[in-house]
Amino acid sequence: MSEKVVLQRDDLRRTLQRIAHEIAEKNPAPEGLAVVGIHTRGAVIAQRLHGLLGELAATELPIGDIDISFYRDDVGAKAPAAQPVVRASHIDFDLTGRTVVLVDDVLYTGRTVRAAIEALFDYGRPQRVQLAVLCDRGHRELPIRPDYVGKNLPTAREERVNVRLEELDGVDEVTISEPQTAEALA
Amino acid sequence: MKHLLGIEQLSREEIEAILDRAESFAEVGKRDIKKVPTLRGRTIVSLFYESSTRTSSSFELAAKRLSADLVSIKAAGSSVDKGESLKDTVATLSAYEPAAIVIRHPYAGAAQMVAEWSEAAVINAGDGKHEHPSQALLDLFALRRRLDSLEGKKIWIVGDVLHSRVARSNLIAFKAMGAEVTVCGPPTLIPRDIERLGCAVSHSLDELDEADVVYVLRLQRERMKESFIPSIREYVTHFQIDSRRLGPRQILMHPGPVNRGIELSGDAIDSPQSLITEQVASGLMVRMAILYELLAVGGERPAPPVGDESPPPTPIGQPA
């Protein structure tokens with residue numbers, strides 16, 4: 001399977017810095033901000049953005065992470081055997097009245113984001129929810145649009161976007177891999 | 001996993017998957033809105049042919065917190081009273097197309113039969129003297145939170161082992177998690193050949209000191225049609241666990257309801273070693289996890305449109 005690197009370590013760092021600046025610009029009052037990452041890699045990216053935003057705003061923002069397993073729209077459709085099961089949400093601050101920046105690694109159909117928004121509302125009523133994604137690969141199935149995009153990646157549905165992060169995978173990079181075709185397997 | 005009929009059918013990995021999942025439901029229980037939409041639109045029938053407080057209420061609340069629609073039937077006051085057979089009752093209820101049936105019944109094997117008659121996932125909430133798997137799972141969950149691992153731990157199951165489905169399920173569950181189990185009670189209340197399940201047998205509490213966990217069973221007087229013990233007083237003298245017999249580092253468990261002053265003294269129940277309150281609290285989380293594992297993970301519904309993480313052919317954003 002061939003794999004093409006689209007963001008390297010430094011690109012990824014610069015991209016997140018730019019997103020952090022955009023978030024700070026769009027939200028001049030950092031007191032009302034909070035960052036919430038979607039498990040698993042969105043939560044790691046959220047951690048990094050949280051660090052960068054803290055430097056920019058010189059204040060500690062609330063951070064949380066959210067697991068959307070219980071909110072999926074395809075529950076029971078498949079056995080997610082490969083998924084780790086111990087994932088719980090951690091939001092130990094009050095969302096009500098805040099601007100919540102929801103963070104994910106790849107935006108695709110939009111279904112994960114829909115589920116995450118639904119999950120967020122079980123914790124409180126944020127004043128506003130914004131969406132930051134590292135990559136937008138298109139193919140939306142729901143009317144969802146990101147507020148901050150690291151990189152637009154035009155992809156075919158058969159292709160696969162791999163986000164690898166130092167904390168989990170030992171390396172920072174984003175790659176696109178082509179599908180294994182029947183000929184390649186033969 | 002399609003049904004939960006007994007601990008016997010579960011592998012250690014399956015047990016751990018349920019316990020891990022229960023941990024994520026613990027977080028849901030701390031929220032203001034203690035409900036998730038996971039099982040929205042699915043029907044769960046709870047069918048209890050024997051009295052129950054904890055098991056039925058926690059299964060029912062678990063179903064509600066997962067947003068399922070719940071029909072709960074108690075044998076008393078239902079058409080079972082009018083002589084309807086279990087098979088006919090199940091056939092009737094199947095008309096509601098339940099996703100799961102939770103059943104408690106006085107006869108061993110009842111849950112297995114229901115699983116054969118119905119399309120639904122069947123959860124055994126106690127069948128005669130056979131098994132009570134959700135109790136064993138919640139006990140493991142409560143214990144794991146206190147002890148981390150059961151590997152090599154010594155667990156004594158004390159009391160009326162003969163009439164106890166909890167004893168059987170827990171014995172299998174404790175062994176599956178690597179613990180060493182001793183069952184203890186008067187010879188009349190210990191089933192013959194129980195050693196075959198891989199446990200030691202003791203007829204006195206003399207060596208109770210070696211236990212890390214003391215799991216006390218209820219004296220099931222309602223199931224005793226003959227005299228198994230000379231008198232309650234004699235049982236108390238020889239087998240009651242009180243604060244004198246219980247060491248400071250031993251953990252005390254009981255599946256409830258407790259006969260206060262018979263198998264357990266009041267001071268032991270209220271002692272800091274007691275895990276009884278945590279056991280009850282674990283019930284809800286573990287039963288949510290069981291319903292989730294059977295209906296959301298192991299479910300066999302026709303595939304609706306897939307979500308973000310499952311576009312054909314492979315998930316995005318997450319390396320294999």
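This is a predicted model: local features need pLDDT of at least 70, side-chain atom pairs count only at pLDDT 80 or more; totals for chains, interfaces and linings use all residues.
**Entry 1: chain B overall**

What share of the contacts in chain B with a separation of 6 or more comes from residues 24 or more positions apart? I looked it up, and the share is 73%. Two residues are in contact here if their C-beta atoms, placed from the backbone, lie within 7 Å.

Residues are numbered from 1 along each chain as its sequence is written, and chains are lettered from A and ligands numbered from 1 in the order in which they are written.

I counted the elements next: chain B has 9 helices and 9 strands. Helices (H or I, at least four residues) and strands (E, at least two) are DSSP runs, numbered from the N terminus. The radius of gyration of chain B is 21 Å, close to the 20 Å that the globule rule gives for 320 residues, so chain B is as compact as a globular protein of that length. That radius is taken over C-alpha atoms, and the globule rule is 2.2 Å times the number of residues to the power 0.38. I also noted that the C-alpha trace of chain B spans about 65 × 55 × 40 Å along its principal axes.

Of the 320 residues in chain B, 46% are buried. The cut-offs: a residue is buried if 20 or more other C-beta atoms lie within 10 Å of its own, exposed if 12 or fewer, and partly exposed in between, with C-beta atoms placed from the backbone.

pLDDT is the predictor's confidence in each residue, from 0 to 100. I see an average of 90 for chain B, with 92% of the residues at 70 or above. For the model, I wrote down ipTM 0.71 and pTM 0.83.

**Entry 2: two domains in chain B**

Chain B splits into domain 1 (7-132 + 279-297) and domain 2 (134-278); the bounds come from an automatic or database domain assignment. Their centres, taken over C-alpha atoms, are 25 Å apart. Where they meet, 27 residues of domain 1 of chain B are in contact with 25 residues of domain 2 of chain B.

On the domain 1 side, the elements giving two or more residues are helix H1 (12-28), H2, strand E4 (121-127) and helix H9 (276-297) of chain B. H9(B) has the largest share of that side, 9 residues. By class I found 12 nonpolar, 8 polar and 7 charged residues there. Here Ala, Val, Leu, Ile, Met, Phe, Trp, Tyr, Cys and Pro count as nonpolar, Asp, Glu, Lys and Arg as charged, and the others, Gly among them, as polar.

**Entry 3: the core**

The largest nonpolar core has 142 residues, and those with the most contacts inside it are Ala100(B), Ile157(B) and Leu291(B). Such a core is a set of buried Ala, Val, Leu, Ile, Met, Phe, Trp, Tyr and Cys residues joined through C-beta atoms within 7 Å. H9(B) gives the most to this core, 13 residues. Both domain 1 and domain 2 of chain B give residues to the core, so it lies between them. I then checked Leu291(B): leaving out residues up to four places away in sequence, Leu291(B) touches Leu39(B), Ala62(B), Ala63(B), Leu66(B) and Ala100(B).

Most residues other than glycine have a negative phi, and most peptide bonds are trans. I went looking for exceptions. The bond from His39(A) to Thr40(A) is cis, with omega near 0°, and Thr40(A) sits in the loop between strand E2 (33-38) and helix H2 (41-57) of chain A. The bond from Gly256(B) to Pro257(B) is cis too, with omega near -10°; Pro257(B) is in the loop between strand E9 (251-253) and helix H8 (266-269) of chain B.

Ser67(B), not a glycine, has a positive phi near 70°. Ser67(B) counts as partly exposed because 15 other C-beta atoms lie within 10 Å.

**Entry 4: a quick look at chain A**

Chain A has 5 helices and 8 strands, and 41% of its 186 residues are buried.
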